Amino acid sequence: MVRGLVLLVAGPAIGLAVAAPAQAQVPVPPLPPGVGATVVAPRTLMSQVVTMTNQQRYANGCRRLLTVDQELTVASVRQSVYMARTGLFSHVWRDGTTFVRRSHLAGYAQPSGENIAWGYRTATEVIEAWMASPRHRANMLNCGAKSIGTGVVYAANGVPYYTQVFGWD
C-alpha cells in the first residue's frame, strides 16, 4: 500500500511556515479491491492518536501532556476533509491556505506544527510512521507545545487521512 507523510512547522517567535521537502500536492491512487474492509470510526482513531502521542511524549521526557483543543481539532478535521475530498496530500490548499491560517480561522492563535498522513489503517501504524520520521517526531516531541487537535476522515475510496495540529497555548 502506498502511504504518505508530510509535516509543516511554525516557529514560535516568527510564525512563518517551513515545509518539508515533500510539500508538493500528490494525487492519491485508489486502494485495490478488498483493501480497507475493516474501518475504525474516525473519532476512535482521533482519540487513539492523542493518547499515543501523549504516551510517546511522556516516554521521551515531555512531562507536560497535550490537552485536546477544540479549535485545533476543527482545524485538523478541516485539513483531513480537504485531503479526503480532493485526493491531494499537501499542507497547503490550492488557494494557498496553510495550517496556520486554518488554525486562526478556527479561533486558535498560536499553532506550532502540523503532521499529516494517509493510508494507515490504525492509529498505531500512523504514530509509528510519524515517530520514525525525524521531523514528524520533532513536532510530536516538542515539549513546548501544550495543545493538540486531531482529524481523521475517510475518502470515498476508503483511504483514511490523518492530521495533527499542535499549539503553543
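I start with tryptophan 118, which is buried, because its relative accessibility is 4% and the cut-off for buried is under 20%. Please keep in mind that this is a predicted model.

What does tryptophan 118 pair with? Its partner is phenylalanine 89, and the two rings are edge-to-face, with centres 6.2 Å apart and 70° between the planes. Phenylalanine 89 is also buried, with a relative accessible area of 4%.

Now to where these two residues sit. Tryptophan 118 belongs to strand S4, residues 111-118, while phenylalanine 89 is in the loop between H2 and H3; the pair therefore ties together parts that lie 29 residues apart in sequence. There is a further member to mention here: Tyr161 forms one aromatic cluster with Phe89 and Trp118.

How many aromatic pairs are there by this rule? The count is 3. One of them is stacked: tyrosine 82 with tryptophan 93, at 4.5 Å centre to centre and with 15° between the planes. Tyrosine 82 comes from helix H2, residues 70-86, and tryptophan 93 from the loop between H2 and helix H3, which spans 99-105. They are 11 residues apart, and the pair links distant parts of the chain. Are these two buried or exposed? Tyrosine 82 and tryptophan 93 are both buried.

Tyrosine 58 has a charged neighbour over its face, arginine 63, placed 4.2 Å from the ring centre.

That leaves the disulfide; the count is 1. Which cysteines does it join? They are cysteine 62 and cysteine 143, with an S to S distance of 2.0 Å. The link between cysteine 62 and cysteine 143 is left-handed, at -85° about the S-S bond.

Cysteine 62 counts as buried because its relative accessibility is 0%. Cysteine 143 has a relative accessible area of 36%, so it is partly exposed.

To recap: the pair of phenylalanine 89 and tryptophan 118 is edge-to-face, the pair of tyrosine 82 and tryptophan 93 is stacked, and a disulfide joins cysteine 62 to cysteine 143.

Notes: Residues numbered from 1 in each chain as written. Predicted model: local features only at pLDDT ≥ 70, side-chain atom pairs only at ≥ 80, totals over all residues. Heavy atoms only, no water. Phe/Tyr/Trp six-rings, centres within 6.5 Å; stacked < 30°, edge-to-face > 60°. Helix = DSSP H or I, 4+ residues; strand = E, 2+ residues; numbered from the N terminus. Buried < 20%, exposed > 50% of the residue type's maximum accessible area, 1.4 Å probe, protein only. Lys NZ or Arg CZ within 6 Å of the ring centre and 35° of its normal. Disulfide = S-S within 2.5 Å.
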